[in-house]
Amino acid sequence: MKCKEFKIWVGKYDNQGVFEENFYPEDTLDRIASANIVFSSDLERSIESARLLKPNLLAVSDPLFRETELPNPSVGSIKLSPSTWSLILRCLWFLGYSRDCESLKEAKDRAEKASELLAVYAEIHTSIVLVGHGFFNMLIAKELQKMGWEGKKRSSSKHWNCTTYTLLN
C-alpha cells in the first residue's frame, strides 16, 4: 500500500477495537485482578482490551497514554507492506523526523507527565494497571525508572507483555 493508504489503515486499526481471545496469559490476568484502578489510552483498542481483562472495573481512559504516532511523509506512489511502513516510519521518527505528529522529545515529555500521574495513583490505590501501547509504554517505563521504580518484564505471549513496577526505597 502507499503511505497515504497506510495512514488510513492505521486509523482504522486504532478505532476498530479488539477481538476477545480464548486465552490470556496468567501473569496478565493476575496483575489486572489485583488492580484497584485501570488506566488505558483513549484509543478504542486500548479501552476494549482493558474492558475484556477487567470487566467489573471501569477503566480511566486518557489521551495522555496514547501510542506515539508515526510521521506522515509525502512519498508519492511507493508501495510497501504495513509492517515495512511501520518499521521505516518508526526509524525516521527516532531519527528526528516528525512531520504531522509529535516529536520524540514531545513524546518523552508526555511520558514524564504520564509516569508522574501513574506514580500518584499508585501511592493512593496501591495497585494500578495501565493498558497501553508498546513504544509509549517503553517511554513511560524509562521515566518510572528515573523516578526510582524498578521493573520486571515478563512476556507470556508475543501479543501480551506485562511489566510490574515497584518503588524502591
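This briefing describes the fold of one protein chain, from its overall make-up to single residues.

The structure is a predicted model, in which local features need pLDDT of at least 70 and side-chain atom pairs count only at pLDDT 80 or more, while totals for chains, interfaces and linings use all residues. Residues are numbered from 1 along each chain as its sequence is written, and side-chain values use heavy atoms, with hydrogens and water left out.

**The chain as a whole**

- The chain contains six helices and five strands; helices (H or I, at least four residues) and strands (E, at least two) are DSSP runs, numbered from the N terminus.
- Read from the N terminus, these elements follow the order α-α-β-α-β-α-α-β-α-β-β.
- The chain has 169 residues, of which 36% count as buried; buried means under 20% relative accessible area, exposed over 50%, and partly exposed in between, with a 1.4 Å probe and protein chains only.
- Among the contacts in the chain with a separation of 6 or more, 65% join residues 24 or more positions apart; a contact means heavy atoms within 4.5 Å.

**The three-stranded sheet**

- Three strands form an open sheet in the order β2-β1-β3, with parallel pairing; two strands pair if DSSP finds at least two bridges between them.
- The edge strands, each pairing on one side only, are β2 (59–61) and β3 (128–131).
- From one strand to the next, the twist averages 25 degrees; angles run from 0 to 180 degrees between N-to-C directions, and axes are lines fitted to C-alpha atoms, for helices over the stretch in contact.
- Strand β1 (residues 37–40) pairs with β2 over three bridges, and F39 stands opposite V60 in β2.
- β1 also pairs with β3, over four bridges, where I37 has I128 as its bridge partner.
- In a regular strand the side chains alternate between the two faces of the sheet.
- In β3, V129 and V131 belong to the covered face, whereas I128 and L130 belong to the uncovered one.

**Helices on the sheet**

- Helix α3 (residues 44–53) lies across β1, β2 and β3 and runs at about 160 degrees to β1.
- Helix α5 (residues 104–125) also packs on the sheet, where it touches β1 and β3, and its direction makes about 145 degrees with that of β3.

- The 22 residues of α5 should span 32 Å at 1.5 Å a residue, which agrees with the 31 Å between its end C-alpha atoms; the expected span is 1.5 Å times one less than the number of residues.
- An α-helix has 3.6 residues a turn, so residues three or four places apart point the same way.
- The buried residues of α5 include L104, A107, A111, A114, L118 and A122.
- E116 lies in α5 and is partly exposed, because its relative accessibility is 40%.
- The C-alpha atoms of E116 and E143 are separated by 8.4 Å, although the two residues are 27 residues apart along the chain.

**Cysteines**

- The whole structure has zero disulfides, a disulfide being a pair of cysteine sulfur atoms within 2.5 Å.
- C3 counts as buried because its relative accessible area is 2%.
- C101 is also buried, at 13% relative accessibility.
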